[in-house]
Each structure stands twice: as C-alpha cells, then as structure tokens.
Amino acid sequence: MKLYEETIIHVADKYKRIFCNLIKNGREANLTQLLRDESKPNSSSVSVLDYAKENLNTDQRFIIHIHFCLSLLHPEEREIIWREFFIVQPKRNKLDWWNYKYARSTYYRIRSRAIRKFAELCK
C-alpha cells in the first residue's frame with residue numbers, strides 16, 4: 001500500500017507543477033473546466049473525452065490523463081484521492097475532513113480501495 005501512496009504523491013506533485021506552469025504560460029486553454037465540482041448536478045462543462053479531439057502538448061495531455069483516471073473512480077473514492085493527495089486540507093477542530101462523513105473503518109476501507117485503483121490507473 002505504501003508503494004501505491006508514493007506513486008500517487010509523485011503523480012499529484014507532477015500534476016500540480018505542470019498545471020501551475022500551464023497557467024503561468026497561459027497555455028491551460030480550457031483545462032480549468034476539468035476542475036468542476038462533480039457532485040453538483042447539471043453542471044455544464046466539457047467532458048474529459050472531448051479534449052481528445054484537440055491538438056494538445058504532453059503536459060496538457062498529462063492533466064487530462066489524471067482527470068480521466070479520477071473520473072473512473074467512484075465519487076467517494078475520487079473525493080478521497082483528491083482531498084488526500086491533490087489538495088492539502090487544514091484540519092477543523094483537530095479532526096480530519098472525513099470524520100464528518102465516514103466512520104473510521106469505512107473511510108480507511110474506501111481509501112485503500114481508491115489508492116489501489118487510482119495508482120493502477122495512473123501507471
């Protein structure tokens with residue numbers, strides 16, 4: 001499991017570095033639409049697969065690849081991967097964000113499954 005976590009940490013760091021560079025250089029195109037909130041119904045945005053038709057560089061394709069891998073996960077798994085590895089969440093009241101949604105055993109069961117699935121998808 002530790003190897004999977006290290007893989008995801010590496011992917012998340014690369015993702016953040018590439019996305020920052022794309023934004024800095026003004027080459028992010030419409031990739032920011034990929035960051036939409038999947039939990040909100042009726043959100044009108046471009047699908048990850050719609051970008052496959054465009055002529056994109058390697059960095060842009062990497063960002064799309066990561067979002068596609070995330071889209072293949074169950075929404076709970078996606079949220080855990082995103083919050084645990086891509087966004088640093090401050091603790092509220094000395095509790096982790098997931099304490100408000102899950103029992104400890106449920107959270108760690110979903111987290112383990114999500115880590116394994118996402119790491120294997122990103123290979």
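This is a predicted model: local features need pLDDT of at least 70, side-chain atom pairs count only at pLDDT 80 or more; totals for chains, interfaces and linings use all residues.
Of its 123 residues, 33% are buried.

**How α1 meets α2**

- Helix α1 covers residues 2–24 and helix α2 covers residues 58–71; their axes come within 10 Å and cross at roughly 130°.
- That angle makes α1 oblique to α2, and the crossing of these two helices is left-handed.
- On the α1 side, the residues in contact are Val11, Lys14, Tyr15, Ile18, Phe19 and Leu22, and their partners in α2 are Asp59, Gln60, Phe62, Ile63, Ile66 and His67.
- By class, the residues of this α1 and α2 contact are 8 nonpolar, 2 polar and 2 charged.

**How α1 meets α4**

- The axes of α1 and α4 lie 9 Å apart, and the two helices pack at an angle of about 60°.
- This makes α1 oblique to α4, and their crossing is left-handed.
- From α1, the contact takes in Tyr4, Glu5, Thr7, Ile8 and Val11.
- From α4, the residues that meet them are Arg111, Ile115, Arg116, Phe118, Ala119, Glu120 and Cys122.
- Sorted by class, the contact of α1 with α4 holds 7 nonpolar, 1 polar and 4 charged residues.

**How α3 meets α4**

- Helices α3 and α4 pack at about 80°, with their axes 9 Å apart.
- With that angle, α3 counts as roughly perpendicular to α4.
- The α3 residues in this contact are Glu76, Glu77, Ile80, Ile81, Glu84, Phe85 and Phe86.
- Their partners in α4 are Tyr107, Ile110, Arg111, Arg113, Ala114, Ile115, Lys117 and Phe118.
- The class count for the contact of α3 with α4 is 9 nonpolar, no polar and 6 charged residues.

**The nonpolar cores**

- The largest nonpolar core has 21 residues, and Ile66, Ile81, Phe86 and Phe118 touch the most other members.
- Each of α1, α2, α3 (75–86) and α4 (104–122) supplies at least two residues of this core.
- The helix that gives the most to this core is α1, with 7 residues.
- There is also a second, separate core of 6 residues, and among them are Ile80, Trp97, Trp98 and Tyr102.

**Residues to look up in the structure**

- Phe118 touches Ile8, Val11, Ile66, Cys69, Leu70, Leu73, Ile81 and Phe86, leaving out residues up to four places away in sequence.
- Ile81 sits in helix α3, and its relative accessibility is 0%, which means that Ile81 counts as buried.
- Leaving out residues up to four places away in sequence, Ile81 touches Ile8, Leu70, Leu73, Phe86, Ala114, Ile115 and Phe118.
- Apart from neighbours within four places in sequence, Arg111 is in contact with Glu5, Ile80, Glu84 and Phe85.
- Trp82 belongs to helix α3, and at 23% relative accessibility Trp82 counts as partly exposed.
- Trp82 and Ala12 are 70 residues apart in sequence, while their C-alpha atoms are 8.9 Å apart in space.

Technical notes. Residues are numbered from 1 along each chain as its sequence is written. Side-chain values use heavy atoms; hydrogens and water are left out. Axes are lines fitted to C-alpha atoms, for helices over the stretch in contact, and angles run from 0 to 180 degrees between N-to-C directions. Helices (H or I, at least four residues) and strands (E, at least two) are DSSP runs, numbered from the N terminus. Angles under 35 degrees count as roughly parallel, over 145 as roughly antiparallel, 65 to 115 as roughly perpendicular and the rest as oblique. A crossing is left-handed if the near helix is turned anticlockwise from the far one by less than a right angle, and right-handed if clockwise. Contact means heavy atoms within 4.5 Å. Ala, Val, Leu, Ile, Met, Phe, Trp, Tyr, Cys and Pro count as nonpolar, Asp, Glu, Lys and Arg as charged, and the others, Gly among them, as polar. A nonpolar core is a set of buried Ala, Val, Leu, Ile, Met, Phe, Trp, Tyr and Cys residues joined through side-chain atoms within 4.5 Å. Buried means under 20% relative accessible area, exposed over 50%, partly exposed in between (1.4 Å probe, protein chains only).
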